[in-house]
Amino acid sequence: MNSRLPWGLMNSSPAPCPPDQLHGIHQVVVEWFSEAGRDLPWRHPECSAWGVLVSEIMLQQTPVVRVLPVWRAWLDRWPTPAALAAAGPADVVRAWGRLGYPRRALRLHAAATRIAHQHRNEVPNNHAQLLDLPGIGSYTAAAVAVFAFGQRHTVVDTNIRRVHARLFGAKALPAKSLTAAETRLADRLMPKDTELSVKWNQSVMELGALVCTARSPTCHECPVFEQCAWIAAGRPEPDYVPKGQSWHGTDRQVRGAMMAVLRHSSDPVPVSLLLTDRSGAEQLATRIENPGRDSAELLARLWSLPAPPEQRERALDGLVKDGLASRRDNTASLPD
């Protein structure tokens with residue numbers, strides 16, 4: 001084995017490498033983060049736990065650059081859980097805009113309602129209580145406990161898993177889905193000191209986001225290049241080719257186009273307008289009074305999709321089932 005390779009990789013050893021070596025890795029990565037980490041508002045000391053929770057929900061499967069303006073607008077409008085809880089679902093979905101996966105907006109609304117009513121409008125600092133909130137999974141509960149309250153918990157997201165896989169496992173990519181072995185490794189890598197553990201979680205996550213990326217890692221910029229097991233092993237190819245989520249031609253694309261129309265319409269939209277294609281559009285468009293430029297363009301985009309009638313119907317039914325749309329009297333709108 002190459003002498004640079006850490007010891008005890010991905011096995012039953014109580015630590016993935018000698019304690020002094022692991023501590024050195026902790027220090028180097030944390031120091032790198034202190035200089036290279038992005039200045040994000042939810043990382044500021046004055047950011048509330050509510051702001052951190054909102055950011056964690058919004059950042060799921062969504063890049064920071066898209067989240068930033070929506071997060072700021074959201075916190076300006078709803079600075080506390082009670083403020084969001086008092087809003088209607090339609091306003092919440094509309095404010096979510098184009099972040100994608102809009103069910104997250106409804107889950108955040110449900111969590112805010114629970115916090116306002118059962119936790120005196122304060123995000124709970126207890127991990128178990130965080131996990132008990134509607135729509136909050138194990139990752140989000142741990143992330144809020146760590147980044148909002150400075151507690152020692154293991155946070156494992158895609159970026160962290162990728163750094164761990166390369167740095168300690170000599171693998172190009174982590175498993176397709178989180179495994180028990182990855183969780184055990186993350187636990188073993190956690191510094192015992194609480195303050196350092198918080199910084200370690202944040203630093204490794206940032207390293208994966210900025211340097212140790214999935215497709216084009218900039219290894220020459222990595223602070224632990226010399227300690228990386230993947231580099232020492234000759235950068236072996238991944239066991240699988242990662243595939244991005246398909247979009248064009250999918251129900252998700254049709255749902256997104258329908259949601260855009262509903263978000264920009266102040267009145268219920270005739271269902272026939274949502275289910276038709278370009279061939280019947282000109283006749284049906286006259287049924288909306290003064291649709292406005294934005295609505296007209298959004299309808300045109302929806303109609304242009306190569307989606308058969310059954311797919312359009314399935315997409316609308318899915319929006320209604322997920323609570324993202326209401327359908328009555330041959331019209332559809334955002335949820336009441």
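Where is the place of Gln61? Gln61 sits in the loop between H2 and H3. The model is predicted, with local features needing pLDDT of at least 70, side-chain atom pairs counting only at pLDDT 80 or more, and totals for chains, interfaces and linings using all residues. Residues are numbered from 1 along each chain as its sequence is written, and side-chain values use heavy atoms, with hydrogens and water left out.

**The chain as a whole**

- The protein chain holds 17 helices and three strands. Helices (H or I, at least four residues) and strands (E, at least two) are DSSP runs, numbered from the N terminus.
- The C-alpha trace of the protein chain spans about 75 × 50 × 30 Å along its principal axes.
- The protein chain has 336 residues, and 47% of them count as buried. Buried means under 20% relative accessible area, exposed means over 50%, and partly exposed lies in between (1.4 Å probe, protein chains only).
- Of the contacts in the protein chain with a separation of 6 or more, 65% join residues 24 or more positions apart. A contact means heavy atoms within 4.5 Å.

**Helix H2**

- H2 is largely enclosed by the rest of the structure, because 10 of its 10 residues are buried.
- The buried residues of H2 include Trp50, Leu53, Glu56 and Met58.
- Among the elements that cover the buried residues of H2 are H3, H4, H5, H6 and H8.

**Helix H6**

- Helix H6 covers residues 103–118, which makes 16 residues. From its first C-alpha to its last, H6 reaches 22 Å, close to the 22 Å expected at 1.5 Å a residue. The expected span is 1.5 Å times one less than the number of residues in the helix.
- Buried residues of H6 include Arg104, Leu106, Leu108, His109 and Ile115.
- The buried residues of H6 pack against helix H2 (49–58), helix H3 (64–77), helix H4 (81–85) and helix H5 (89–96).

**Residues with positive phi**

- Gln61 has a phi near 65°, a positive value in a residue other than glycine. Gln61 counts as exposed, at 58% relative accessibility.
- Arg120 follows H6 and has a positive phi, near 55°.
- Asn121 has a phi near 65°, positive in a residue other than glycine. Asn121 is found in the loop between H6 and helix H7 (127–132). With a relative accessible area of 24%, Asn121 is partly exposed.

**Nonpolar cores**

- The largest nonpolar core has 34 residues, and those with the most contacts inside it are Trp50, Leu53, Met58, Trp74 and Leu108. H2, H3, H5, H6 and helix H8 (138–147) each supply at least two residues of this core.
- A nonpolar core is a set of buried Ala, Val, Leu, Ile, Met, Phe, Trp, Tyr and Cys residues joined through side-chain atoms within 4.5 Å.
- Not counting residues up to four places away in sequence, Met58 touches Val67, Val70, Trp71, Trp74, Trp96, Leu99 and Arg104.

**Cavities**

- Rolling a probe the size of a water molecule over the atoms shows where empty space is left.
- The structure holds two cavities of 30 Å³ or more. On a 1 Å grid over the protein atoms alone, a cavity is a set of points where a 1.4 Å probe fits but cannot get out, and lining residues have an atom within 4 Å of a point. Grid points are joined across faces, edges and corners, and a volume is the space filled by probe spheres set on the points.
- About 120 Å³ of space lies in the largest cavity. Its lining has 15 residues, of which Arg166, Cys212, Cys219, Cys222 and Cys228 lie nearest its centre.
- Helix H9 (158–169) and helix H12 (229–232) are the elements that give two or more residues to the lining of the largest cavity. H9 gives the largest share, three residues.
- The lining of the largest cavity has 13 nonpolar, one polar and one charged residues. Ala, Val, Leu, Ile, Met, Phe, Trp, Tyr, Cys and Pro count as nonpolar, Asp, Glu, Lys and Arg as charged, and the others, Gly among them, as polar.
- The second largest cavity holds about 40 Å³ of space. Its lining residues include Ile160, His164, Trp200 and Asn201.
- The largest share of the lining of the second largest cavity, three residues, comes from H11.

Definitions and conventions:
On a 1 Å grid over the protein atoms alone, a cavity is a set of points where a 1.4 Å probe fits but cannot get out, and a pocket is an open set with protein on both sides within 12 Å along at least five of seven lines; lining residues have an atom within 4 Å of a point.
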